[in-house]
Amino acid sequence: MSAHADTLTHDSHAADGHGALSENNFLGLPNIKLAMWAFLGSECMFFGSLIGTYFFYHGNSLSGPLPKDVFSIGITSISTFLLLMSSVTMALGVDAMRQQKPMRARTFILLTAALGACFVGFQVVEFHEFYTEKHLIFAGPNASLFGSTFYTMTGFHGTHVTVGVIWLLIMSVLITKKKLVPGKEAVNVEVMGLYWHFVDIVWIVIFTFVYLLEFLK
Amino acid sequence: MASIADFAAAQKPIYHQERPSKTGLMDWLTTVDHKKIGILYGGAGLFWLLIGGLEALLFRIQLARPDQHIFIGDTYNGLVTMHATTMVFLAVMPMIAGFSNYFVPLMIGARDVAFPRMNAFSWWTFFAGSLTINASLLFCGAFPAAGWTGYAPLTTKEFSGMPIDFWWAGLTLLAVSSMVAGVNFVVTILNLRAPGMTLMRVPVLTWMMLVIQFLLAFSFPPVAVGLILLAFDRTFGTVFYSTGMGGDPHLWQHLFWLFGHPEVYVLILPSMGIVSEILPVFTRRPLFGHHAVIFSGVFIGFVGFGVWGHHMFTAGMGPIADAAFASTTAIVAIPTGVKIFNWIGTMYNSKMTFPTAMLFAISFIPMFTLGGLSGMMHASPPLDLQQHDTYFVVAHFHYVLVGGALQGLFAGFYFYMPKISGKMLNETLGKIHFWVFLIGFNVTFFPMHLLGNHGMPRRIYTYPADAGWNTENLLATGGVFLMAGATLLFVYNLITSLKNGKDAGSDPWDANTLEWMTSSPPPVHNFDFTPVVLSERPLWDHKYTPGMEIPVPEQAEEIHMPSPSWRPMWVSASAGLIIVGLLTFSGIAGIPGWPLCIVGALGVIFSVYAWVTEPV
């Protein structure tokens, strides 16, 4: 016991200076990063419930159109590709920030935001086409179960991408105004990256199980 | 021998604070201090406990005699719905949040939670949600009346009115508040522990709080999704819950109970933690099977996600699902039994003392066990089919939630109030409170077992005189008056103790854990120096085990204290605007509500930007 006490002197702890509130941590993981992991766990349950609802109701629609009538894999593959590429630029941005190159990081962050915005744009076009040309209705007297579940699930994903784009833009403003210390606060960019990759992964799940599996066989 | 007086000799720390704390009302509005937020939560919980109790009193008066017509139909349904909603979300949960806010940082030797402003955001969002749910009485003249479980399609527009809009809106805000709090406290407990406080040295109450934070963070999203789908159905006309379009009533039940059952453990685990803290102090022993108690709590939390189907045995899930949920439910008995035997083992053949806190902690054990045993009966689908929606079920969950959760919280109040206020509660009043409450509770709820077995269904507002249910119902109503009287006495004791109570000193109970080493009430920065933890019972060992004293550093520590902030309230208010916009989307009296959504969304973006750029 006393041996343990020797290794845990007050001096090592006082080095934190800011007490319990800033970089002090027991697990060796910054607070904000741990918080993001916990939040993403929570988000897994959120998207799990939305995607679960979609599959719980899959095939229950009493009126058309059906998934096969509306999905066009070609177009969605392009937007999926753009979102996947945004994960690459995000990773490069995080890396640049770690290497204390804030301007390079900002370029990649803006590139990520642009790719994310393209994805959202594709989704807007897709929703518009489904709604006007293929008569897949979200709500109201002509709505179908497929319409309600599909738009809600993918809509919430699109909202998450939009929130991510806003976050990326705010971050690039902070970097421009030099309000983000490159070495010390690189973790803020890294945490944003975690969120971005998570949103990307959710889309891979949706694209695979909702879109692609529809055309199995 | 060392004593806690040693700590008074420590140098006062040197403060750094960006902006000074405000005073008076402004202080309470802008505070990010976990202790003040804890008091706000606790006070709100006590207030809603009285309101929820009043609602119960009213509908028990209706049920006292057969064929009465005092509160009938939707009025009765509204009272029942709001009694349950209030007690679960607005009374017991905030009291738990109060304890976890106030004591988790103290128990782990930290200065505050990991994200103090996020903590304030949780509180204000909770506050907004609690007002929203009850606002339906103001704006619609009626309470939501679909039961606290709000089964869709009963809650869709076809079958219910405007009060349900307030219900989903309020619950959505409460869900956001709980998820954010969950993330915040997971980080706090895992990362802000004092040096040397390895996981197995974390106090059991803090451990149980850690488990429920995971439950909050992971179980609220499913019900949030359920509520969002309900909101879409009611506001936009989507068809999630309309059976005419192919919708399935099971959907809501799954989403709700996937949240609802972990929620039950959110309500009970903190009380188990409080009991596990109190028993060792008054038996002068370490907790028997300390690690087993911790692991069984974790196991209960884990299995809690796999048992929700036992609420749906009568919903027709099929024999395979029924069998699976029956077995997972039965497994819960094992860790629970481990805890019960360990508590008994702690007390067995010890030199106990019996202050009120200890009385409540002891009576928690048999009362909770009774509720647990009747719960085990419901794990069996054939038995459950007989008991479902009868008063037997009502008896079961009140033994768990009142005899268990609430008695545990009462024990916590008597044990911890001296730390919060610096004053002891009156023991004579406390003992009267305990005995009257215990008798009243059993007179109320024990007869309900018999009523259920005699076939009285839940959620009916009256019954014929010749049904054979008269005596038990009259007894139950009488018992409620005893419980109400005892609770009022408790509140009286609480308030008068602030003025007349004996000074508590730092460590009135000669206790084990870190929160008792600082003054009562603790200073804003909690501890003059960061304690180093060498054992499971750091303060006990400091006092009674030579060589295990907590070292007092010679030089003063420099600490950075968080500054007061308005930003959390801004974000809460903006999020509230989005919800109100959805609530009144298509308009009230010709004024459309949807612009509020846009204003709220812009408000969130603006205030989050102001939040992240605010110097702390």
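Analyst: Domain bounds here come from an automatic or database domain assignment. The model is a predicted one.

User: Into which domains is chain B divided?
Analyst: The assignment gives bounds for chain B. By these bounds, chain B is divided into domain 1 (5–565) and domain 2 (568–616).

User: How far apart are the centres of domain 1 and domain 2 of chain B?
Analyst: The centres are taken over C-alpha atoms. For domain 1 and domain 2 of chain B, the separation of the centres is 30 Å.

User: Which helix gives the most to the side of domain 1 of chain B that touches domain 2 of chain B?
Analyst: In this contact, 18 residues of domain 1 of chain B meet 14 residues of domain 2 of chain B. At least two residues of the domain 1 side are supplied by each of α5 (116–140), α6 (163–191) and α7 of chain B. By class, that side has 10 nonpolar, 5 polar and 3 charged residues. The helix that gives the most, with 6 residues, is α5(B).

User: Which residue of chain A does B:Val186 touch?
Analyst: Residues up to four places away in sequence are not counted here. Within chain B, B:Val186 touches B:Leu210, B:Gln213, B:Phe214 and B:Ala217. In chain A, B:Val186 touches A:Ala38.

User: Which element supplies the largest share of the side of chain A that touches chain B?
Analyst: The contact joins 45 residues of chain A to 48 residues of chain B. Two or more residues of the chain A side come from each of α1 (2–7), α2 (10–14), α3 (31–56) and α7 (145–176) of chain A. By class, this side has 23 nonpolar, 21 polar and 1 charged residues. The largest share, 13 residues, comes from α3(A).

User: How many helices and strands does chain A have?
Analyst: Along the sequence, chain A follows the pattern α-α-α-α-α-α-α-α. The count for chain A is 8 helices and 0 strands.

User: Why do the buried residues of α10(B) line one face of the helix?
Analyst: The buried residues in α10(B) are B:Asp322, B:Phe325, B:Ala326 and B:Thr329. An α-helix has 3.6 residues a turn, so residues three or four places apart point the same way. The face turned away from the buried side of α10(B) carries the exposed residues B:Ile320, B:Ala323 and B:Ser327. Seen down the axis of α10(B), the buried residues line one face because they fall within an arc of 105 degrees.

User: What do the buried residues of α10(B) pack against?
Analyst: The helix α10 of chain B covers residues 319–331. Its buried residues pack against α13 (381–387) of chain B.

How values were computed
Residues numbered from 1 in each chain as written. Chains lettered and ligands numbered in written order. Predicted model: local features only at pLDDT ≥ 70, side-chain atom pairs only at ≥ 80, totals over all residues. Contact = placed C-beta atoms within 7 Å. Helix = DSSP H or I, 4+ residues; strand = E, 2+ residues; numbered from the N terminus. Nonpolar A, V, L, I, M, F, W, Y, C, P; charged D, E, K, R; others polar. Expected span 1.5 Å × (residues − 1). Buried ≥ 20, exposed ≤ 12 C-beta atoms within 10 Å, placed from the backbone. Arc of directions from axis to C-beta.
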